[in-house]
Amino acid sequence: MSIILDKVDYVYNGGTAYEKRALNQVSLKIQDGEFIGIIGHTGSGKSTLIQHLNGLLLASSGGIYYNGRDIYEEDYDRKELRSKVGLVFQYPEHQLFEPTVFADVCFGPKNLGLSRKESELRAFSALRGVGLPEEYWYRSPFELSGGQKRRAAIAGVLAMKPEVLILDEPTAGLDPLGRDEILNQIASMHRELNMTILLVSHSMEDVAEYVNRIIVMNQGSILLDGAPKEVFRYRQELEAAGLSVPQVTELMQELRDRGIPVSPEVTTLKEAKEAVLQAFSKHRQA
Amino acid sequence: MNFIEARKLVHEYIRRDEEGNVEGILAALDGVDLEVKAGEFVAILGHNGSGKSTLAKHLNVLLKASEGTLWVDGKDTLDNRYQWDIRKNAGMVFQNPDNQIIAGVVEEDVAFGPENIGVPTEEIWSRVEKSLKSVGMLKYREHSPNKLSGGQKQRVAIAGVMAMEPKCIVLDEPTAMLDPKGRREVLEAAGALNREKGITVILITHYMEEAVQADKVYVMDHGKIVMQGTPREIFSQVDRLKSYRLDVPQITLLAHELRREGLQIPEGILTKQELAEALCQLY
């Protein structure tokens, strides 16, 4: 299974004075089971890109293939595509509307035309999947904390049983523990449900910690695409694109500049700790 | 007298059912004591629902205390006569830039505040220019706000508050929706106002890194202030912060873990320069 984008362009307000090219010749391949981070400054085209993946926005030119089928073909069922590629928008809790959390999560599957029983079964497993304790399931969404509401909203998308889950800044506005909880939950959904996950994030530290591959967007094009270690080697390019590298990666650079030979390939706290300890133990042996 | 002084401040939200009967009472602020001197840069940390934003809304009388007292600039917030004075002197910037920009041109948006309080026209223009300059947005004065980046919009919002010439500015998670560059821009703007113009800054945030530049940090939990001190004092207590659903900056955490492994690094390292310095001395 895969998603392929072939030279996708997207132009807003084409033919008018406000014409803006939001995507410019974007080509990429997303394989089954990948965990991808998408980073880029505000207005770099991240959100436009992810809305193409489930057919919410249609490319001005270029092609998109889901499992080998052209999604722009006339007889392609794009409604079904939207249930296969689940999209969790920013601040998804603003979209909760049913009187109880459970009813809200049932809404998606019911809308797919599933029976009430099947919808409820899916809601059960989705709410388990996001780790929301059962005591909250029959409460009004408005009685939940920020992090809990966010989970309930993600469960609403999970209940559609998507094969690919795209999350647009799922941790914005959450406190540090809430951030860790949501990210750990997403990582465990990736591991245990074997889902393909795309995570749009503004935190370099978070993407370095969790994802296998980073796509960097800049001015509607892909600037860099690779493993975190590869991508974070390009510090100057990232800074020019309004981004940064993780703080520990900056620290390693600083240490090397001052003559402590630590590995340059450090992007997470754990790696930084090991790199420093290793440099010190070598130095002491010498 | 301190610029902001709270004594046993309590704020209760009353929850009602559909018939209007009281279902429960939630004390969002539960006996808060707070003292902020004029010209200080204060960061307030706390998990979602800990009472930070409720406290912020008291500082410019969007909310009033259920019990206790709060003085801002020496004026009692419960006294209706002072409400407008206090609002003029304690400006607020909120999380979402798109919810607080109203005009079609940047300079008109910044002029809205002073115009509203009856400042003469010529003075409005000079204030607009000064405040846009202070946040580094002067060259965008004739632009349309919806073409700006998130960080730029937040700086316009700050300029709008500055044009009221407040003594204090309260920023309620101003960077939550911004990319790294936008976050840097907004923090630098707030820092510069504090350093160069002596404006008292109250910064509410979920990013521990942003609290490092503050003079003083307060930590809230369940409507109470549970920790207070300099950033160094606060962030050297890693385990205690974690018990309040908070964290420490990544660099501080790394220093903490390296110390556990036996490296003799001092407590409360805050920046990468400090950690690099400490490691170089040991090497």
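This is a predicted model: local features need pLDDT of at least 70, side-chain atom pairs count only at pLDDT 80 or more; totals for chains, interfaces and linings use all residues.
Student: What is L279(B) in contact with, beyond its sequence neighbours within four places?

Tutor: Read the partners chain by chain. From chain A come L255(A), I260(A), V276(A) and F280(A). From chain B come L258(B), L263(B) and I265(B).

Student: L255(A) is on that list. How do I read its helix?

Tutor: Begin with a general idea. An α-helix has 3.6 residues a turn, so residues three or four places apart point the same way. Now the case here. Helix α10 of chain A covers residues 247-257, and eight of its eleven residues are buried. L255(A) is one of the buried residues.

Student: What do the buried residues of α10(A) pack against?

Tutor: Helices from both chains. In chain A they are α7 (204-210), α9 (235-240) and α11 (269-285). In chain B they are α7 (208-211), α10 (250-260) and α11 (272-282).

Student: And what comes just after α10(A)?

Tutor: Look at the backbone there. G259(A) takes a positive phi of about 95°.

Student: How many disulfides does the structure hold?

Tutor: Zero, over all chains. C168(B) is buried because its relative accessible area is 1%, under the 20% cut-off. C280(B), at 23%, counts as partly exposed.

Student: How many salt bridges are there over all chains?

Tutor: The count is 38. Take E261(B) and K273(A): their side chains meet at 3.5 Å, N to O. This pair crosses between chains. E261(B) sits in the loop between α10 and α11 of chain B, while K273(A) is in helix α11 of chain A. E261(B) is partly exposed, at 45% relative accessible area.

Student: Is E5(B) buried or partly exposed?

Tutor: Buried, at 13% relative accessibility. E5(B) forms a salt bridge with R7(B), with the closest N and O atoms 3.1 Å apart. R7(B) counts as partly exposed, at 31%.

Student: What about E267(B)?

Tutor: The side chain of E267(B) meets that of R259(B) in a salt bridge of 3.1 Å, N to O. E267(B) is partly exposed, with a relative accessible area of 46%. Bridges can also share partners: R151(A), D175(A), E181(A) and R245(B) are joined into one network that way.

Student: Which residues make a nonpolar surface patch of about 280 Å²?

Tutor: I14(B), V22(B) and I25(B). I14(B) lies in strand β1 of chain B, residues 4-16. At 46% relative accessibility, I14(B) counts as partly exposed.

Student: Last one: where is T48(A)?

Tutor: In helix α1 of chain A, residues 46-53. T48(A) counts as buried, at 8% relative accessibility. Beyond neighbours within four places in sequence, its contacts are Y10(A), Y12(A), A22(A), L23(A) and L57(A). Compare sequence and space too: T48(A) and G146(A) are 98 residues apart in sequence, and 26 Å apart C-alpha to C-alpha.

Conventions
Residues are numbered from 1 along each chain as its sequence is written. Chains are lettered from A and ligands numbered from 1 in the order in which they are written. Side-chain values use heavy atoms; hydrogens and water are left out. Contact means heavy atoms within 4.5 Å. Buried means under 20% relative accessible area, exposed over 50%, partly exposed in between (1.4 Å probe, protein chains only). Helices (H or I, at least four residues) and strands (E, at least two) are DSSP runs, numbered from the N terminus. A disulfide is a pair of cysteine sulfur atoms within 2.5 Å. A salt bridge is a side-chain nitrogen of Lys or Arg within 4 Å of a carboxyl oxygen of Asp or Glu. Patches are made of residues with over 30% relative accessible area and no salt bridge: like charges are joined within 9 Å, nonpolar side chains (Val, Leu, Ile, Met, Phe, Trp, Tyr) within 5 Å. Accessible areas come from the Shrake-Rupley method with a 1.4 Å probe; for residues, only the protein chains shown count as cover.
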